[in-house]
Amino acid sequence: MTLDPITLSVIQAGLQQVCDEMDLSFSRAAFSPVIAEANDRSDGIYSATDGALIAQGSQGLPVFVGTMQYSTRVLIERIRDGITPAPLPGDIYIVNDPYLGGTHLMDVRFARPYYRNGEIFCWLSNTGHWPDTGGTVPGGFSASATSVEQEGLRLPPVRLFKQGVLDSEIYQIICSNIRVADQRIGDVQAQAAALMVGEVRLNELLDRYGDATVAEAITELHHRAATQMRSYLTEIPEGSHTASAWIDSDGVVNTPLEIRLSVTRDAEQTTFDFTGSSAPCAGPMNSVLATTLSSVYLAMRHIFPEVPISAGAFEPLHITGYQDTFLDAKYPRPVSGCAAEVSQRIAEAVFAALAPALPSRVTAAPAGTSGNFALGGHDPEKQRDFVMYQLSGGGYGGNADHDGLSNGCSTIGISKAPPVEIMEAQFPVLYHHYALHEGSGGAGLHRGGFGLDYALELRRGTATASFVMDHGRSGPLGALQGSDGAVNEVRVIRNGISHTPEHLSKEQDIPLAPGDIVHVRTPGGGGYGNPMERAPQAVAEDVRLGRYTATQARTLFGVALTPKARRTSPKPTSCAPPDLFPCSKISLGGGRLWRTGGKQPPPPFPPARTGF
Amino acid sequence: MAADADMMTGQIIGVDVGGTFTDLILMDPATGAVRLAKVPSTLDDQSRGVMMAVEEAEADLPATALIVHGTTTTTNAVLERKLARTGMITTKGFRDVLELGRRTRPQAYGMKGEFIPLIPRDLRLEVPERMDAEGRVITPLDEDALAEAARKLLDMGCTSVVVHFLHSYRNPGHEQRAGEVLRALWPNSYITLGHALLSESREYERGVTAAVNASVQPILDRYVQNLAGSLAEGGYAGELLVMNGNGGMVSASRVAEEAARTVMSGPASGVMAAAFTGRAAGITELLTYDMGGTSTDVALIRGAQPAVSNEIEIEYAMPIHVPMVDVRTVGAGGGSIARVNAAGLLEVGPESAGATPGPICYGRGGTEPTISDANLLLGRLDPSRLKSVEGGITLEQVREIFAEKLGHPLGLTPEEAAEAVIRLANVKMAGAIRMVSVSLGADPRDFALFAFGGAGPLHAAALARELGVPRVLVPARPGITNALGCLVADLRHDFTQTLATPLDVLDMDRLAATLTAQASEGRRLIAREKVAVTETRTLHSVDMQFIGQTHLLRVTLDAPEITREALQKAFEAVYWTRFRVRLDTIRAAVVNANTSVIGTRASLDPATLIPAAGRLPTLAAACRGTRPVLFEGTAWDTPLYQRDQLPADAAFDGPAILEQMDTTTLVPPGDRVTTDAIGNILIEIGGAA
């Protein structure tokens, strides 16, 4: 090792900036709002020999944190084996096959070899979520697909650009198989241009520091990232930490799917063992292996955000036991739910297993569903067909520092939700309310954040509603004696009669007429720590702000409030220490509240179905 | 306009209150004399500091024609949440919009974070009323419920109130009627209607903007009245103008009506000063670089005009959507902490030692190596200044900490470690600045770096080299740039009209008429102000996109009239420059028509900022000695110049250190310094003979 650590740091920062600039370029030029607004994309640099992740944009969608290195590796192997034609400079491969290192079909990867002196120095690759890639339903999220062919067009790696020129024959095949094809050329150009930006910036970096130095730095940074991750992992006590997370159903067979995880640390590595998880399923809740691995990586990066995104950092994470489970889907299993739902449940299993081991770092489970509600139909006033998506957030888990955030975006996403005013301007719907899902935060010393509660009405025309959500059967897991967050609830009121999906969180093509209403309440986050130890003032404040009822304060937190206390702002008082409960009385702005009951664990969180 | 004559003869004062110092520039147009003052800010009541600065500058208030004031009152109130108790009345079913936000989290990684809405849930009340997206009434406004809600908010002690109804940008009828009802029963004028400040869709952004406005209104009002009172007591009879975040000014009597517009007024005035200085120096393309203790502000100036944005987010989930100079903050400053991480690699930031305890060299108990400490160890800052700090820190103590925390784990001497800290900090800052300029569609290499703030001129040359920026401009008074901005600020009005029409069906006459109407409204508003204007400029632009896109690109127009073909061409050219992509099969759309009307005031002569009398005839005379300074491992015997004493036509090569009241400018070896007639220093990167 001859490189000084300063040059290493400088090159590391330089590689990161190349990726960040690719991300920026892609988002700004993209047409699809999923990419341009929701940042459902990622850009990175990958090893020429095995596709290992060298650097990736810091604002890429978290679920892509590990996937592109697998798709790049598969591409390199296929080229080596003669299955895929070898590249020439200026070529760009397109691929969306989930089984070749992907997620679902909508995540389309581009890969471009980066040449120095006639040799491939590394690969530049990016992923963008296309609004549609064909299949049974617009947008690709079919809740009832039973094979990948129903989910859309599947592309093996083919050269969409040959020596810098778009292959119009391949492009025409793609356009003939997807919806709203006329705008895709903008996304294709944006995605390709981002790789070009990467090439220009990488040239500058290599010209400045020299090819050999950068190559050496990449190798050294890989080792150092592994060392860094190992040093963080030593915070996990040795031994096994286990948890299970549950998916409501696969959308076809109404049986819960289990993710069973055991995390074991020894001196050299930390093993994530999924042995005992459910078998491959009939419906679209299968996960391809690249997504399963990436989900573990992103969960660990949520826990240790300081670690760089690189293959080296993932090296000490040994993932096993997924064979023959729904976490290692093989062709032709349907997989549309893997990136948006299964990945979040895998992350939840990681959080739940490690929360007791790393109590200051890990939060109780976040809502963990993308809350995908799609409405497709015809708007007679605007004389056009439409497809509307309402993706919703939910509560985050309580944690060592504070209560969970309300209405946060999915664990695997970083996108903003569209405003109600934009939705109503574009689609024939009228929202009745868009509010806090009261009572939904799991009780705890630090409670979970609250989910979202919205209802909307179809105003005219006809439409069908589809739901791909989760956590309808059981709420996000509480941690360290905290209660689970409230479950996700879906209700469709047709002609005045209420209908709840048989699978609770998933159903496809429910016909709606004008005046029909869709009502959704998203999960709250899990609670953290014993709710009986939550400061009574904090409980009273939540009641005063209408986040919990006085009854919930009593049953969930063991705090009774007099009517006056419910109305009055709490003033700081000398609060009795928790071990004096149950009988201490605390003055609260003239009113009174007191702890009831003993220190026994709280009653199970009642699913808030009343008042629906 | 009768006051014009007075304006031209009386003194003019620009005064800016920053986080640490209150700066003042006084100019006498008759004599060209300039006086400066710098006093500690009094953050509990900023007007005391202002009056102290007025006193220090020995301003003759009765003879003063105009005072322009930049204030952080509203920014601080928002960031520290020291707000007036404010209630909100919303459409039934939507009171939680302000608490739910846009479904985000503070960082991409890490599932923690906190968010406290500006108005607590119990002060957000709902009333029956509803419009649809076309502005049609679905539910009429229940005026009784509205009055009852208002009374309830008053009972709960609210001073201000916001009315925030869905789709009011489309049809403000219900909000306007609610305003009438409220004015009859609300005891003061602190009533904000959601559509009044920002008439565009997106209920969260509009609601937060309105909530910010309402909750800082009483605070700003009280402050400005106080200050106006103090100034009047001192004999001042003229107009007090307050800087807005868009770089324009508004009279104190009206500023509180749209208090949200004053957020970011400080950073805006710095950028205005940069534009002014650049214009005077003949450099119209600038990247401003204001490095302070905890953060660095960056902005773009093109054609001597600062970029203005309607979409500033001043902290996590706090969007304020009124036109503001587009200043982006990068989380690196003199107090950024350096450490060696578990991978054995050096890291700088994002943690900062802040003001307390601050860098080690502040002597306030700081024990973490920072960028400022590294500059000190390398000789770039004057070690003799250590003597004046309270804690009695020695250079040796700083060395020891660098040896222990950085040098030892990295296998470097303390000085090598310090140089590594600066190098990495510059690489990271350069990267962040590059991202800012690229996101604004600009290549930093096409700009000059305008360096100001306490630490800006110290890093500027190295940063410029890193960015490929060819030259650095250090103004005459880098430490009081914001006050200068107040002095030279323009009157400014910005207009945006949403058209959202495909270009091929756009009525080009209507576009021209819209832009022309915006321009005449702007000129009318400027004529109304009691301030003399020498020139009124009008800037037209349209925001465009390809149909289906969500991001906008701004296309500037020379005149309101343009043909469809010319506009299409202009857009394609902008798009090509930005993305290197041609999309000839997709139609373009015009989303917004924009006009800014700018009234330029009689300008001061920038040459007076450094008094000619203080200048010495030769370079050698201005040199107070030398000090060894480390550059790339080599100690260079570096001359120390008194900036104010440099001859007006000085030209020399680095290395050099230029010292002045509150800023140090570092010129590395290989770069060349020239000075211009108005007191600026130009550093040409790699320009040494």
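I started with helix α8 (residues 203–233) of chain B, which lies across β5, β9 and β10 of chain B and runs at about 165° to β9(B). My helices (H or I, at least four residues) and strands (E, at least two) are DSSP runs, numbered from the N terminus. Angles run from 0 to 180 degrees between N-to-C directions, with axes being lines fitted to C-alpha atoms, for helices over the stretch in contact.

Housekeeping: this is a predicted model, where local features need pLDDT of at least 70, side-chain atom pairs count only at pLDDT 80 or more, and totals for chains, interfaces and linings use all residues. Residues are numbered from 1 along each chain as its sequence is written, while chains are lettered from A and ligands numbered from 1 in the order in which they are written.

Next, the sheet. I found four strands in an open sheet of chain B, in the order β6-β5-β9-β10, with parallel pairing; two strands pair if DSSP finds at least two bridges between them. β6 (124–127) and β10 (191–193) of chain B are at the edges with a single partner strand each, so one side of each has no neighbour in the sheet. From one strand to the next the twist averages 20°.

I then checked β5 (residues 86–91) of chain B: four bridges join it to β6(B), and the two run parallel. B:T91 has B:V127 as its bridge partner in β6(B). Helix α5 (residues 143–155) of chain B also packs on the sheet, touching β5, β6 and β9 (160–164) of chain B. Contact here takes C-beta atoms, placed from the backbone, within 7 Å.

Which residues of α12(B) are buried? I got B:V398, B:F402, B:L406 and B:G407, where buried takes 20 or more other C-beta atoms within 10 Å of a residue's own, those atoms being placed from the backbone. They pack against β21 (336–340), β22 (346–352), α11 (371–377) and α13 of chain B. After α12(B) comes B:G411, with a positive phi near 70°.

Last, the chain contact. I noted 60 residues from chain B and 68 residues from chain A. On the side of chain B that touches chain A, the elements giving two or more residues are α4 (97–100), α8 and α13 (414–439) of chain B. α13(B) gives the largest share of that side, 10 residues.

Note on methods:
Contact = placed C-beta atoms within 7 Å. Buried ≥ 20, exposed ≤ 12 C-beta atoms within 10 Å, placed from the backbone.
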